[in-house]
Amino acid sequence: MNFQVTGLGLDKMKLDSPQSFLDQEEAEEAEDRQLLEPEAWRTYVERRNALREFLTSDLSPQLLKRHHARMELLRKCSYYIEILPKPLALGDQNPLVLPSTVFQLIDPWKFQRMKKVGTAQTQIQLLLLGDLLEQLDHGRAALDSLLESPDPRPFLAGWGLVERRLADLSAVMDSFLAMMVPGRLHIKHRLVSDVGATKIPHIRLMLSTKMPVMFDRKESVAYQDWVSLRWFVTIQPAVPEQFELRFKLLDPRTQQECLQCGIIPVAACTFDVRNLLPNRSYRFTVKRAESYTLVYEPWRDSLTLQTRPGRPEGPAPSRLGKPGLPLTTPSER
């Protein structure tokens with residue numbers, strides 16, 4: 001038995017398939033090729049491929065995303081002055097001076113001025129990093145739109161400008177990467193006062209970075225009248241650190257409740273805050289304890305937790321006796 005299906009026009013139907021899209025691209029490429037001479041077309045293809053290679057390797061979206069994440073991390077870091085001995089020249093007999101010894105020789109007033117210089121230098125460096133990253137974002141967007149242009153003739157005519165943009169963006173990237181690491185502090189005046197017969201030590205000042213202190217939001221838990229807090233540092237320091245924990249009751253309702261706040265020094269990465277009110281919200285912040293060498297700390301982590309509700313007020317519910325028997329306490333029986 002033979003079935004014959006007619007009227008569907010399957011012989012004339014054009015199905016969507018990967019091959020149809022390839023055919024469309026080939027057709028568009030053929031149209032673009034008709035706009036140029038063969039030699040100009042080869043030049044266009046080579047330059048277009050070079051630009052695409054730059055945007056997918058040297059300035060890829062994934063790379064820029066990682067740089068944005070590093071930039072956000074730097075904005076949360078703490079910055080310190082670090083005193084280091086200068087490398088001695090050959091034949092110099094001046095012994096190596098430890099940083100702890102240098103602090104005893106540095107003029108305190110001059111050091112405070114240098115801390116202000118370190119604060120300004122750190123702020124300027126972060127602003128410059130943000131500006132350089134913005135230039136990279138805008139530069140990539142401009143080149144990407146040029147790559148998607150349907151007409152090859154403006155692309156070839158403006159290739160000289162494209163080359164300059166590529167060189168400028170490469171230089172911006174180099175500057176950005178070099179500035180990611182805090183550099184040397186520029187000293188205009190001597191920090192060490194006259195020390196008589198003592199020879200002035202060779203020292204240099206550097207800006208150092210410490211990773212931010214952040215709450216562990218999975219391990220920090222609130223209970224009815226106390227909370228258990230945990231925090232961490234991404235890169236664990238070589239020596240134990242001191243921290244400062246602050247807490248405050250949100251929306252206090254009485255003068256007595258306004259006293260539900262405090263500052264607690266902690267020598268570990270965990271602490272339990274007790275004697276809190278049930279069913280209330282508290283804000284907690286944590287940071288490193290103040291240090292003599294700290295110059296800039298723009299951010300501190302905060303966490304809001306709500307304690308659990310307390311037991312309902314009123315008489316305790318009586319125990320139910322067996323059916324037919326009176327409710328009695330053991331002493332009444």
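Let's start at Cys 269. Leaving aside neighbours within four places in sequence, Cys 269 is in contact with Leu 229, Arg 230, Trp 231 and Phe 243. Keep in mind that this is a predicted model. Cys 269 sits in the loop between β7 and β8. Take Arg 230 from that contact list. Along the chain, Cys 269 and Arg 230 are 39 residues apart, yet their C-alpha atoms are separated by 5.9 Å. Is Cys 269 buried, partly exposed or exposed? Cys 269 is partly exposed, because its relative accessible area is 27%, and buried would need under 20%.

Now the whole chain. How many helices and strands does the chain have? There are seven helices and eleven strands. The chain runs to 333 residues, and 30% of them count as buried. Look at contacts between residues at least 6 apart in sequence: 75% of those join residues at least 24 apart.

Next, the core. The largest nonpolar core holds 61 residues. Which members touch the most other members? They are Leu 229, Trp 231, Leu 245, Val 273 and Phe 284. Which helix gives the most to this core? That is α5, residues 108-147, with nine residues.

On to helix α5. It has 40 residues. From first C-alpha to last, α5 reaches 58 Å, close to the 58 Å expected at 1.5 Å a residue. What caps its N-terminal end? Asp 107 does, with a side-chain oxygen 2.9 Å from the backbone nitrogen of Trp 109.

α5 has a partner in α2, residues 38-57. The two axes come within 11 Å and cross at roughly 145°. Is the crossing left-handed or right-handed? The crossing of α2 and α5 is left-handed. Which residues meet there? From α2 come Arg 48, Leu 51, Arg 52, Phe 54 and Leu 55. From α5 come Arg 140, Leu 143, Asp 144 and Leu 147. Check the spacing in those lists as you look at the model. An α-helix has 3.6 residues a turn, so residues three or four places apart point the same way.

Ser 60 lies in the loop between α2 and α3, and α3 covers 61-76. Ser 60 counts as buried because its relative accessibility is 7%, and the cut-off is under 20%. Beyond residues up to four places away, Ser 60 touches Leu 55 and Arg 140. Both of those also belong to the α2 and α5 meeting, Leu 55 from α2 and Arg 140 from α5.

Leu 146 is also in α5. At 22% relative accessibility, Leu 146 counts as partly exposed. Leaving out residues up to four places away, Leu 146 touches Phe 155 and Val 162. Leu 146 and Arg 48 are 98 residues apart in sequence and 9.6 Å apart in space, C-alpha to C-alpha.

Gly 158 is twelve residues along the chain from Leu 146, and their C-alpha atoms are separated by 9.9 Å. Where is Gly 158? Gly 158 is in the loop between α6 (152-157) and α7 (159-179). Gly 158 counts as partly exposed, at 25% relative accessibility.

Now a strand residue. Ser 208 is in β2, residues 203-210. Ser 208 counts as buried because its relative accessibility is 17%, again with the cut-off at under 20%. Neighbours within four places aside, its contacts are Ser 78, Tyr 79, Tyr 80 and Glu 82.

Last, two backbone angles. Phi of Asp 251 is near 55°, a positive value in a residue other than glycine. Asp 251 lies in the loop between β6 (243-249) and β7 (261-266). Asp 251 is exposed, with a relative accessible area of 66%. Phi of Asn 279 is near 60°, also positive and also in a residue other than glycine. Asn 279 lies in the loop between β8 (270-273) and β9 (281-288). At 40% relative accessibility, Asn 279 counts as partly exposed.

Notes: Residues are numbered from 1 along each chain as its sequence is written. This is a predicted model: local features need pLDDT of at least 70, side-chain atom pairs count only at pLDDT 80 or more; totals for chains, interfaces and linings use all residues. Side-chain values use heavy atoms; hydrogens and water are left out. A nonpolar core is a set of buried Ala, Val, Leu, Ile, Met, Phe, Trp, Tyr and Cys residues joined through side-chain atoms within 4.5 Å. Buried means under 20% relative accessible area, exposed over 50%, partly exposed in between (1.4 Å probe, protein chains only). Helices (H or I, at least four residues) and strands (E, at least two) are DSSP runs, numbered from the N terminus. The expected span of a helix is 1.5 Å times one less than its number of residues. A polar contact is a pair of N or O atoms within 3.5 Å; within protein, one must be able to donate a hydrogen and the other to accept it, and residues adjacent in sequence count only if both atoms are side-chain atoms. Axes are lines fitted to C-alpha atoms, for helices over the stretch in contact, and angles run from 0 to 180 degrees between N-to-C directions. A crossing is left-handed if the near helix is turned anticlockwise from the far one by less than a right angle, and right-handed if clockwise. Contact means heavy atoms within 4.5 Å.
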